[in-house]
Amino acid sequence: MTYRVRVELADTVPPVWRRLELASDLFLNEVHDIIQAAFAWQNSHLHRFGSGPGFYSPETEYYLMPFDVAEGEPGVPEEQVRLDEVLVEDGDRMYYVYDFGDDWEHVLTLQVALPREPDAPRAVCTAGRRPAPSEDCGGVMGYELLLAATDPQHADHVEALAEYRRAFGQAPEPERAPVPFDVEAVNAVLRAVTGQVSAGLPEPIAELVAGARLPAVRARLAELYSRAVSDQREPADAVVLETVRAYAWLLHHVGEEGLKLTGAGYLPPASVREAADILGLDRTWIGKANREVQTLPVLWFRESAQKAGLLRKYKGKLLLTPVGRRVRGDHRALWGHLAEQVPPKTKEKSEWVSGLLLLLTVAAAEGNVLIEAAELMTGLGWQVDGMPIEKGDVMQLAESVRTVLDALGGWSDDYTIRWDQPTEQGREFARAALLRWL
């Protein structure tokens, strides 16, 4: 059957609720994931289901999460209980409490059982009211205070903001605001929860999605990929020509005879100056730009051409590889080859993951791409010294992808937002790198 279930947060006035249509054979551990998605929880606290007159009634039977089982708590493991074992008749209720500090009690009421269509989704949200509470906001009272303090249109905004400042010494940060109800956003996460989000994704992206602990992260990754490859048209010749201009120059500069390097193995000063000019370093680099070791963008650019298999060092010279000879003079072939090299094939998984996330965020081009890539990488479980990934970490970990994009004119010339906002060239190239897996 398909169960139409209303899930309401107890003691909220007016009530915070979501209406869900659920497969009746879902197990309660799956229902847990669904409730987490419906209310934008982050699954960072304990939870427990109960069936009886009320959650805290002595007559209530509890169904245990894995932590409870490991601790030896009495009760039935939630993964052994089906939804249609505890909700049978229209009007039946059960309870789900999340975060025993804030004590969010969710009341699940079976409104009606309907015949189930064969292709119906396992879980879908059809309606809801009021924003979802933020994690660790202090329960119902904290939710109402934070809701009013973060919404300038709220009737009690001024008083709530003053009270919040008295209590915490500052105004609430924007990210602390309750999450507005958006049925499409909820259903995107529900598709991730029920395993539908990976359908049709190429293997590298599907693997990335599967590695996300939180359904919201899985849904966001799938959404970014969908948006990134929505336009599959080939870029115009003029765009390709302008984008690969620096690499095309380098291949011609090295030439068939190769380029003699300095005794230390660096580009000669004249070549460094030309490369700096081609890369437009006059807008962003302070210095004479005549020594490669002191002009890092030129050094990174030349090394990226070697990593891409276009050039190699041999007996004090920089030489074209067979691939470099093949694509020299063919801008579209050069574009295609570079797109196939990012993220680079490496044993360092952090470099692969960060590079792939950077390509996703650049191709989708929403907001600050480095910050989003950092948040997604954190959502995938990565840390640096026990701390969440920051945008500077992404710049370092995904240096190979960032350097290629830089050489392709992929970043804004505005120094204040450099490496934050991609150009159209950067978006086109990142899209091409992702499209190769289709």
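**Note on the predicted model**

1. Of the 438 residues in the protein, 49% are buried. Buried here means under 20% relative accessible area, exposed means over 50%, and partly exposed is in between (1.4 Å probe, protein chains only). This is a predicted model, where local features need pLDDT of at least 70 and side-chain atom pairs count only at pLDDT 80 or more, while totals for chains, interfaces and linings use all residues. Residues are numbered from 1 along each chain as its sequence is written, and side-chain values use heavy atoms, with hydrogens and water left out.

2. Overall layout. The protein has 19 helices and 13 strands. These are DSSP runs numbered from the N terminus: helices are H or I with at least four residues, strands are E with at least two. Along the principal axes, the C-alpha atoms fill a box of roughly 85 × 55 × 45 Å. Among contacts (heavy atoms within 4.5 Å) between residues at least 6 apart in sequence, 61% join residues at least 24 apart.

3. Helix H16. H16 (369-379) is largely enclosed by the rest of the structure, because 8 of its 11 residues are buried. Among them are Val369, Leu370, Glu372 and Met377. The buried residues of H16 pack against H8, H15 and helix H17 (391-397).

4. The largest pocket. About 1500 Å³ of space lies in it. The search uses a 1 Å grid over the protein atoms alone; a pocket is an open set of points with protein on both sides within 12 Å along at least five of seven lines, a 1.4 Å probe is used, and lining residues have an atom within 4 Å of a point. The lining counts 45 residues, with Ala40, Gln42, Val179, Leu214 and Ala216 nearest the centre. Which helix gives the largest share of the lining? It is H16, with 7 residues. Helix H1 (28-38), helix H6 (183-193) and H8 each supply at least two.

5. Salt bridges. The whole structure has 18. Each is a side-chain nitrogen of Lys or Arg within 4 Å of a carboxyl oxygen of Asp or Glu. Glutamate 292 pairs with arginine 302, the closest N and O atoms being 2.9 Å apart. Glutamate 292 lies in the loop between helix H11 (269-278) and helix H12 (296-307) and arginine 302 in helix H12, so the pair ties together parts 10 residues apart in sequence. Both are buried: glutamate 292 has a relative accessible area of 2%, arginine 302 of 3%. Elsewhere, salt bridges that share partners join Arg220, Glu223, Arg227 and Glu372 into one network.

6. Aspartate 237 and arginine 332 form a salt bridge, with closest N and O atoms 2.5 Å apart. Aspartate 237 is in helix H9 (residues 237-243) and arginine 332 in helix H14 (residues 331-340), so the pair ties together parts 95 residues apart in sequence. Is each residue buried or exposed? Aspartate 237 is exposed at 56% relative accessibility, whereas arginine 332 is partly exposed at 29%.

7. Arginine 227 bonds to glutamate 223 in a salt bridge, the closest N and O atoms being 3.2 Å apart. The two are 4 residues apart in helix H8, so about one helical turn separates them.

8. Serine 400. This residue is in helix H18 (residues 399-407). Serine 400 counts as buried, at 15% relative accessibility. Not counting residues up to four places away in sequence, serine 400 touches Pro344 and Glu351.

Key. Points joined across faces, edges and corners; volume = space filled by probe spheres on them.
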